[in-house]
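Here's a quick briefing on charged side-chain pairs, for anyone who likes cut-offs spelled out. Have a look at the structure first, then read on.

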Amino acid sequence: MTRRVSIFGATGSVGQNTIDLIARNPSDYDVVALTGASNIEQLASDAIRLKAQVAVTADETRLGDLRAALAGSDVEAAAGQGALTEAACRPADWVMSAIVGAAGLQPGICALEQGATLALANKESLVCAGALMLETARRHEAHLLPVDSEHSAVFQALTGEDMAAVERIIITASGGAFRDWPLERLPEATLAQASSHPNWDMGKRITIDSASMFNKALELIETREFFDFAPDQIEVLVHPESLIHALVGFNDGALMAHVGPPDMRHAIGYALHWPERRALPVERLDLAAIGALTFRPPDEIRWPALRLAREVMARRGLAGAVFNAAKETALDAFIAAHLRFTQMAEVVDEVLTTLDSGIIDAHMTLDNVMVADHMARQAARAIIEQKTG
Ligand code: NDP
């Protein structure tokens with residue numbers, strides 16, 4: 001039997017890895033929707049190749065380009081936020097959520113409302129609205145599966161285990177581009193330097209977030225929301241080789257580690273075939289050749305994002321939405337060369353400290369998440385303006 005699949009963020013790094021797996025066995029899948037934003041050529045060629053029902057660009061101004069690129073095929077073209085939501089409402093059995101940023105939240109919720117299995121790469125959805133996502137999945141009997149490599153690793157290590165026997169979760173971090181830089185050089189870090197990851201080949205934004213550890217900060221919050229362990233049960237461990245993705249510690253002293261190559265097709269494939277395990281085209285590790293794995297404690301002076309994540313985990317409510325929106329705004333400013341690398345954390349810290357607590361502590365509804373996101377972006381922009389004078 002074929003499965004109906006949709007891929008949100010199909011033109012990105014996770015989206016292309018997902019397409020790589022699906023295109024190996026095209027007769028197993030009916031592709032419902034593929035979405036992208038600026039990369040119209042890639043979106044159209046994949047939609048034609050995979051015989052998708054509809055291709056959607058988030059950018060309304062590119063509808064004409066998409067129509068032209070799809071001319072002569074049976075694929076429908078659509079554009080804009082409304083079209084993304086409409087595509088997420090089309091019945092599908094399995095949906096990949098791989099849009100980058102808070103823009104991934106609404107399509108993810110719509111897919112869960114249809115009862116689809118949602119493979120979640122878009123960590124921002126859980127950071128902004130974890131309780132809402134989980135509640136929506138419960139109400140519609142939909143499965144939510146992690147695709148972040150660390151969370152997929154935790155999920156796999158927890159399978160079949162008694163949750164009451166779990167003492168701690170350890171997620172690993174490569175340390176990103178600047179793990180060995182002297183602290184005093186960090187303010188001078190350039191966009192090109194921050195955009196180069198030592199181990200993983202990923203989208204530009206997540207690569208910069210890895211250098212600042214904002215990515216790991218988001219993952220700490222994601223772990224809290226997804227698995228519901230207390231903040232002091234969740235740890236970060238710097239592991240420069242990126243081969244152990246996470247460890248689960250049990251009350252008998254055992255540590256179950258998930259070891260695998262730094263290739264997103266493992267976590268994507270696990271979510272695609274879950275609850276089965278199927279062969280995947282990823283490297284088989286030769287541990288004897290690798291020889292040694294190394295570990296270091298996380299340094300909250302080098303990576304203040306980790307300290308900020310702990311504040312968010314303790315506060316909960318809409319603090320995650322505020323944290324993420326301030327981070328996205330600060331990241332935009334760093335990419336546009338309006339902020340120094342180290343100023344991104346300063347901006348997020350100031351937004352969390354100064355934003356009206358009524359916004360952060362409001363009841364979690366999609367509308368309130370959107371308000372918190374909007375207000376945090378506005379506050380972050382004002383702080384950035386002050387800093388850049
Ligand atoms: P990319 O930047 O490579 O891709 C992002 C995708 O989202 C592209 O399809 C892009 O379209 C689309 N997009 C961008 N802006 C919007 C918008 N406003 N509305 C709708 N779609 C938009 O990101 P990654 O694939 O690296 O990451 C995707 C998500 O997965 C992120 O949440 C990231 O944190 C997470 N993740 C990524 C990993 C990785 O290895 N890359 C690992 C684990 C998690 P276009 O390119 O056409 O402009």
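Buried means under 20% relative accessible area, exposed means over 50%, and partly exposed is in between (1.4 Å probe, protein chains only). This is a predicted model, where local features need pLDDT of at least 70, side-chain atom pairs count only at pLDDT 80 or more, and totals for chains, interfaces and linings use all residues. Residues are numbered from 1 along each chain as its sequence is written, and side-chain values use heavy atoms, with hydrogens and water left out.

**The overall count**
- The structure holds 30 salt bridges, each being a side-chain nitrogen of Lys or Arg within 4 Å of a carboxyl oxygen of Asp or Glu.

- Asp373 and Arg377 form a salt bridge, with the closest N and O atoms 2.7 Å apart.
- Both sit in helix H17 (residues 366-388), four residues apart, or about one turn of the helix; helices are DSSP runs of H or I, at least four residues, and strands are runs of E, at least two, numbered from the N terminus.
- Asp373 is buried at 13% relative accessible area, and Arg377 is buried too, at 17%.

- Asp65 pairs with Arg62 in a salt bridge, at 2.6 Å between the closest N and O atoms.
- Asp65 is partly exposed at 39%, and so is Arg62 at 23%.
- Asp228 and Arg316 meet in a salt bridge at 3.8 Å, N to O.
- Asp228 is exposed at 53%, while Arg316 is partly exposed at 28%.
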